[in-house]
Amino acid sequence: MKKVYARPKLLKDASMHYCPGCGHSIVTKLIAEIIEEMGLADRSVCVPPAGCAVLTYNYLDIDTSEAAHGRACAVATGIKRVLPDRMVFTYQGDGDMAAIGTAETIHAANRGERFTTIFINNAVYGMTGGQMAPTTLVGQKTTTSPHGRSVQNEGAPIPISEMIAILDGAVYIERTTVTSVSAVRNTKRAIKKAFTAQMDNLGFTLVEVLSPCPTNWKMNPLKSCQWIDEEMTQVYPLGVLKDETSGAPDREVANAD
Amino acid sequence: MSQKSNYKLMRGNTVVGEAAVQAGCTCYFGYPITPQNQLPEYMSRRLTEVKDGIFIQSESELSAINMVLGASVAGARVMTSSSSPGISLKQEGISFLCGCELPAVIVNMVRGGPGLGNISPAQSDYFQATRGGGHGDYRVVVLAPASCQEIADLTMEAFDIADYYRNPVLILADGMLGQMMEPVTFENYTPRQIPEKDYVLDGAKGRPSRINLSLILNPQQMEDHNWKLMRKYKTIERNETRYEEFMMDDAKLAVVAYGTAARIAKGAVKRARSDGMKVGLIRPITLWPFPSDIIRKRASKTDLFFVFEMSAGQMVDDVRLALEGRSEVYFHGRPGGIIPTPVEVLRIISRQYYQKELGE
Amino acid sequence: MKARIEIDSEACKGCLYCVETCPKKMIAVDDTLNAKGYYPARFDDNDRNDCTGCIMCAIMCPEAAIEVYRESKK
C-alpha cells in the first residue's frame, strides 16, 4: 500500500507541547505542509509570538526569529525589507497581535508590508493561564474577568481583522477555523493563498483562525469546537473580509535599489 | 589638493547619518523626537541613494527598535536613533538584542528629563546607557563623542564594534552635539576585519534551519548563556576602553567629564592652568567600558577628582567605584538642560583647588 | 484491505477529533494509558476493511500522529 498521508517533513521530531485539541497544533501542521508543498522551505522566515506558540521554532524546521511580545510585525518588517524575496510570516495570538502589538500590526498593514500574519484567535491568553484577551466574548469568564466580560467595564471584543481590512495596504484578509475537516482544509487554502499573494508582492495578508483553547475555556476539545461554531462565529464571522489579490496592480517595491 | 578639501561643515545629527552610510549602514528606522530630527530626515533622503537602502519612519520608538532587530537578524547594518524618552521605550528591544547577540547601532541625543523633560542638552541618561537600561544581565558598548569629528569617527567604528562582538552599541551624545556644526571628514576611519555572520536568518538554503532567540527556559543553560555574555563583555573591556587625557601629567586636581561637559571643562582647565593651578582633564570616550584603570592610576598623584556632568550625578558613581577610596571626589552638576559656561566651572574648580590647598 | 491508518499512540493526546471525524467510525479510544497519561486513539478495523483512506482523521489530528496508507488503483 502507498502512504497517502505522512507526517509533514518540516515538522521537527519534537512532540508539540500544546494541550490536547489545541488549534495551534493543527495550524502549525498545516504551515509545515504548505511550505513544503510550495517549495519555500529554504526561503522562509517565521516570527512567532510570545504566548503558547513561542516555541514554534522547536516544531517548524525553517529559519525562525523570536520577537518580543507584540513586536512580531515590526521584526517581520525589518526582515522582509532586507530580504524582499523571502517568504516571511508572523504567527501571533490575540494579545500579541491585538493588544500589546496593535500599533505594530496596524502600521505594518497600513504600509502594505509584504509579509503574512497568521492570527490565532482563541479569545483568551493561553500561556499565562487564561486571562481576558481583546477578543474575549462578552459574558465569557476568564481569570481576569471572573464575572464574565462586560461591555461597560472591558469594552466589546475588538474586531481587529475588520479594522485592518479598512487599510489599503492590506490586500487579503480571511477568517477561518479548524473545527472540522472542511474548516481545516479551508484554513490551509487560505494560508496558501496568503503566502502566494505575498510572493506575488501584492501587499499585507492576514489569515485569522478561530482556534480552540480547551484548557482555558474549561471544555473538552470537541465541546470547544462546538463553542467556536455556535458562539465565536457570531462575533467573529467566518469568511473573506477583503480580497484584492486578483487584478491588483503590482505595487512598486518600497525600497530603493 | 590639501586635506582640508575633504572636510565639510555639517550638523552633528547629520554627521551621524552620513557616517553610518559610509560605514555600510543600509537600514534606518526611527521616530521623530527633538533634538535629533535632522537625523531621520537626512536618512530618509540619503538612503534612497544607497543600494538596498531602507528607511522607515516607524509608528513608535518601540516598533523602530524591533524593526532594527529584524533587519539585524536578516544580516543588514542597521541604526535607530532617538532622545531620552524614546530611548526609554527602546529598552526592552535593546535587552532582546543583547540576549540574542545581535548587532545594532542606537543613537541617543540626550535631553533634559525625567519624564517629558525639555529639549535642552543634558547628560542624565548615563545610568540608562551604562547600567543596561532594560531588564537582565547585559551591557551595551557606550561611546561618548565630544565633537562632530568624533561623532563621525565613533559612529563608523560603532558598526564595526557591533558586528565584531555581536552586541548593540549606543552612541551617547546630547542635543548640543546634535545641533552644532563643525568641519568633518569621513576619511579618518579604517574599517576592522569582521567575522562572517553565521547567525543570519535568510532562509535555510543549503544549510540547517537556524533559530534566533533569547528565551532559555532551562535555568542551567540560561546561566551558561549569561556567563558567556559576561566573558564577551570582559573581552570588550580589555580591548575597547578609550579615554583622552588633557594636561594630566602633573595635575593635582583632575576634572572627569565626557561629551559636551568635557568641552566646557577643557575651557575651564585651560583657564585654570593659565591661573597657575595644576589641573587636568580625563575624558572618558567609552562610558561602558568605563576607563577605571586610568583613574585608579592617576589617584597616586591626583588629590581630587572633580566630576562634572550635566546631570544630578551619574558618572560620579563610576569614578568613586574606580577609585575605591584612593582619592577624594567632588561632584558638580547642572541637570535639566542647563549648559554651564567654562567660567562657571572654573570658579568651582578654583574654590575646590584652593579650599583643599591642592597647590601646596 | 483498501486502506489503513497507523496512529502513533505515544504522540496521541486523546483529543477525540479523529474519533469524531472518521466517517466509518473506525477509530476508538484505547483503554490503556500511554506514557504521557492519555488514552490514545486506536484504529479499530475489526476485519471490516471499511477504511477508504479518506485521510480525514489525519487532517484533523493536531499532533500529526496519524499516517494513512491506501492501495494504489490498478
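Residues are numbered from 1 along each chain as its sequence is written, while chains are lettered from A and ligands numbered from 1 in the order in which they are written. Because this is a predicted model, local features need pLDDT of at least 70 and side-chain atom pairs count only at pLDDT 80 or more, whereas totals for chains, interfaces and linings use all residues.

**View 1. The two domains of chain B.** Here you can find domain 1 (3-240) and domain 2 (244-355) of chain B, with bounds that come from an automatic or database domain assignment. Their C-alpha centres lie 28 Å apart. Domain 1 of chain B brings 28 residues to the contact and domain 2 of chain B brings 22 residues; two residues are in contact if their C-beta atoms, placed from the backbone, lie within 7 Å.

**View 2. The side of domain 1 of chain B that touches domain 2 of chain B.** Look for the elements that give two or more residues to this side: helix 6 (126-130), strand 6 (141-143), strand 7 (168-174), helix 8 (175-179) and helix 9 (219-240) of chain B. Helices (H or I, at least four residues) and strands (E, at least two) are DSSP runs, numbered from the N terminus. Helix 6 of chain B supplies the largest share, four residues.

View 3. A residue is buried if 20 or more other C-beta atoms lie within 10 Å of its own, with C-beta atoms placed from the backbone. Just after the helix, B:Glu101 takes a positive phi of about 55°.

**View 4. The fold of chain C.** Two helices and four strands make up the elements of chain C, and from the N terminus on you can trace them as β-α-β-β-α-β. The C-alpha trace spans about 45 × 20 × 20 Å along its principal axes. Of the 74 residues of chain C, 39% count as buried. Among contacts in chain C between residues at least 6 apart in sequence, 65% join residues at least 24 apart.

Note on methods:
A residue is buried if 20 or more other C-beta atoms lie within 10 Å of its own, exposed if 12 or fewer, and partly exposed in between; C-beta atoms are placed from the backbone.
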